[in-house]
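The structure is shown first, and the description follows.

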Amino acid sequence: MGNIVVSPHDKEGQHHMMATPTSNNPNGGSAATAKNKSEITVLLLGAGESGKSTLFKQVQFFHGVGITHDQERIELIEIVRLNVLENAKNLVAATQHLNIPIEQPENRETAKLIINSLNTNDLEDPSWSKRLYSLWKDAGIQKAYENREKFQLYDSTEYLFENLDRICSDKYVPTVVDVIRTRTKTIGITDMKFDVGDGKQLRLVDVGGQRNERRKWIHFFNTVDAVVFLTSLSEFDLNLYEDNGYWRVKESLRVFNEVVNNALFYKVPFVLLFNKRDLFEKKIATKSFSKYFSGFNEAEEKNPVACIEYMTKLFLNEITEHPLDTVSVKTLSAIDHDNSKQVFEEVKQFIMTQQHRE
Amino acid sequence: MHEEDPAQDSATNELSVVTKLTDLIDQSTSHHNCLVRFYEDFCGYLKDDDDSLFSSPNTSPKSSASNPLIVESPMTSPMTPLSPRKHSSNQLLKRKRNHLTSFVDFCLSKKVLSVEFIIDLAKQFHSEISVKDNRYLLKSFKESFTGKDSTLLISQIIKAETIVESNNGFGLSQSDEIRLFSQCFCQILLNYKFIFHMTHKKQFKDSNNSFYGLCKNLKQAESDFRNDYSAKIQTPSTPTSKLEANSSHSNSFRKSISLALSLNLKKVHESKEVKEAEESEDEYDEHELPIGYIRSARASTSSSSSSPIVDNLTPPNKSHSFNINRKSRRNTLMLNQLIIPKLNFNNLMNHESEINSAKSTVVEISEPFEIQFSVLNRNENPIPNSKDSDEELFESPRRFSFAKKTPSADLPSTSRRSSLSEFLRDTYMREQFKTFSKDEYSQENIIFYEEVLKFLNSIFLSEEEQRALALKLYQLFIPSTSVYQLNLPSKLLAKFKDEFDTDFDNVANVVLLYKEALTEIEHVMKDTYTRFKMGKEYQKYKLRMLNEDDGFTTSRY
């Protein structure tokens, strides 16, 4: 999948792995517990909305922790529908903010309801599917959507609106893809453990990415065995959620710099994942990449490989302390099940071999 | 026309029987308001009773027969074809009677009625009742009177027919309702030993076959009652202020009762009820606000059940009286909080003056508060249910347990916040959730949630105090250097920054901002909440909730 590999330790070793997640409950293993030799702690780090939790969910899914309980499904329905509503609200608010009127009067009515009263239970009514879809297709909303870099909107918006007829039904059951696509802002720190053979356990730690959440990362820094740093390729035209006006790429670079050059991580294998490759490829087809990066050759701006190569250089330039041979760089599309499975296997192999070398 | 005549006749007959005797006593006028309020509770209670009857899981054939909607048939009385709401079904009446005792207890604990009123009532009762020797089933009862007599007398003393409004829709005729209402007072007199049951039963019965005697020492009973009743009440000693304090107490309780009840209504009464409510709304006088409140609340809520879309469009039209009541509810709510010096930010001097000052604010709502309330109200219009639950978070335990009794748990979880805020009302679970959050390094959210609710519920502070508190909260939660920095969107952070730059000059705005932040944080906490639900503690909680629904009470620990 066009991975750029800096490290030579990247083999396609299909190690068989027992999928037995032991704990999804952070009470079970908080950071304070003594470091177990047979336990490998992998931190998922990155700025906000870089896809840490999406990868986390993917790993959860292909290690057998699917949606099992009915109760859980009901919770998920709620979350998916909440996502739909939030997307709709954000879009409607954006039309006001950007001064783009919603064109059809009946869509304006729908918008009013969305802002004022609509809640997730209402979406059980199939009639909402049509109303929301017609709102989504309204020229005003579409125009706002095209200008989505000017406000905060989830990446999943289009997907959710295209699947409204499924979601707005009393028989709706969320699919794995739906769950992967939904966005929930992660708060605090959560973890999950599963066996990776050789009597070893891998403990994957997911964290929140906004500035205030980052202050909590430090709690895990001294128990860490590997770091997976995610950054979103498609964020080159976006501003921060917690600080509008601050460029996301700049923030990602800053955070990466802080983490990778941290003295605690000198001897720790480090993986840099460029996430949202799918979105990125779509985006550069319509948007100018070179507009945001002055050092980039304008002629190449429609070539995703060249762009990614440029981004890679940008990030690797930040590394001043960390030994380069223990840094691996890959691209990822975390919403793609097969791709994330493959990439995660590679990451795991990389980490394991690095561990062995020690 | 043929059918109408007997109906009118019987109605006028009933009235004339009562009105003949009303001139006897003039006592009730001074306590009229008191009574009206009590009557509202009474109505609300009977309604509620209906509901529990509908929803009770073990609906035996017998109880379903007493269901007023099913009993609706020509066999009852000639009035039914004209007014389908009146059912003189004996079984229904019986059922209501059985629930009366608990209602009376419940009302006494809420202190809707003033001490003076009950004592006056007892005195008059003592002087008016005719005592004679009765015989029944081979037993003789010396110097006794029947339950029926006493109910009749009470209804005259309190001029029940001026208070009792028929057409309330619980399937009773006006005369039945009057009797039932009067029976409440008999029960109160019995409870406080102004009268006693000849065979020492606890429950008062409105019949010719149960006999009661007057207590020997009225003075003794009076002083006992005073101690007993006012011990619970904790009011300053002057009778007028007692009355006022009582009414303000009852205000807040009444609000919550009627709100909860009327919300509960909607499940059952559906669109028919809407029509009824609207009809009767047309009938009532504008100046009788308390009753109007119940009506309008019922109308708006029940219409919301039938069409959730209409719900949030209607409040602006209907909310006039609603808002006023809500306002006063907030005020009286503060009174509760001030009595319990749990909130650290009131440095008021002593108990009595606390109440007095609080009371004075109840009476005259000053200008800045007006603005805040309207601001708050506007904001909470889309989610009135959950706001209620929030308010109850930091109230006195007594009130909390009361809130549990009312069917507020039955409210449909309409807003996105309600299930979480419902859950967080449980103090024990809130602590559990806090511990869990601490393990996940996200305790700042729940701490903020608690602190801001305290802040929002304490709007009796002066503007200066409010500003100081808002600043404190700001320094604790908002800037990037703060101890508990929150995960808030940049727009909100910018707004906070702007306000902070003006030193929180416009406190009303700041309050609004905190409300916004609260909504945001509640939303944010859903992430933690989802994971918390997988845990053991939550399962226990759910089990407990289920058990409570079934009527079992399990120990919390």
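## Chain B overall

Chain B exposes about 25,300 Å², with carbon and sulfur atoms supplying 54% of it; accessible areas come from the Shrake-Rupley method with a 1.4 Å probe, and for residues only the protein chains shown count as cover. The model is predicted: local features need pLDDT of at least 70, side-chain atom pairs count only at pLDDT 80 or more, and totals for chains, interfaces and linings use all residues. Residues are numbered from 1 along each chain as its sequence is written, chains are lettered from A and ligands numbered from 1 in the order in which they are written, and side-chain values use heavy atoms, without hydrogens and water.

Chain B contains 25 helices and 4 strands; these are DSSP runs numbered from the N terminus, helices being H or I with at least four residues and strands E with at least two. Of its 557 residues, 54% are buried (under 20% relative accessible area, with exposed over 50% and partly exposed in between; 1.4 Å probe, protein chains only). Where contacts in chain B (heavy atoms within 4.5 Å) link residues at least 6 apart in sequence, 74% join residues at least 24 apart.

## The sheet of chain B

The 4 strands of an open sheet in chain B follow the order S1-S2-S4-S3, with antiparallel pairing (two strands pair if DSSP finds at least two bridges between them). Strand S1 (132–136) and strand S3 (195–197) of chain B are the edge strands, each pairing on one side only. Neighbouring strands of this sheet are turned by 50 degrees against each other on average, direction ignored. Axes are lines fitted to C-alpha atoms, for helices over the stretch in contact, and angles run from 0 to 180 degrees between N-to-C directions.

Between S1(B) and strand S2 (residues 139–146) of chain B there are 4 bridges in the antiparallel sense. Asn134(B) has Phe141(B) as its bridge partner in S2(B).

## Strand S6 of chain A

Strand S6 (residues 270–275) of chain A is largely enclosed by the rest of the structure, because 6 of its 6 residues are buried. Phe270(A), Leu272(A) and Phe274(A) point one way from S6(A), while Val271(A), Leu273(A) and Asn275(A) point the other way.

S6(A) runs parallel to strand S5 (residues 226–232) of chain A, joined to it by 6 bridges; Leu230(A) has Leu273(A) as its bridge partner. S6(A) is also joined by 5 bridges to strand S7 (residues 327–331) of chain A, again parallel, and Val271(A) stands opposite Ser328(A) in S7(A).

## The interface

At the interface, 36 residues of chain A are in contact with 38 residues of chain B. The two chains, A and B, bury about 3,000 Å² between them, 50% of it on carbon and sulfur atoms; buried area is the accessible area (1.4 Å probe) that two parts lose on being put together, summed over both. Ile187(A), Asn212(A) and Arg215(A) supply 19% of the area that chain A buries against chain B, more than any other three residues.

## Positive phi values

Most residues other than glycine have a negative phi. Glu49(A) has a positive phi near 55 degrees and lies in the loop between strand S2 (39–45) and helix H1 (52–62) of chain A. Glu49(A) counts as buried, at 12% relative accessibility.

Tyr441(B), not a glycine, has a positive phi of about 60 degrees. Its loop lies between helix H20 (427–439) and helix H21 (443–456) of chain B, and Tyr441(B) is buried, with a relative accessible area of 17%.
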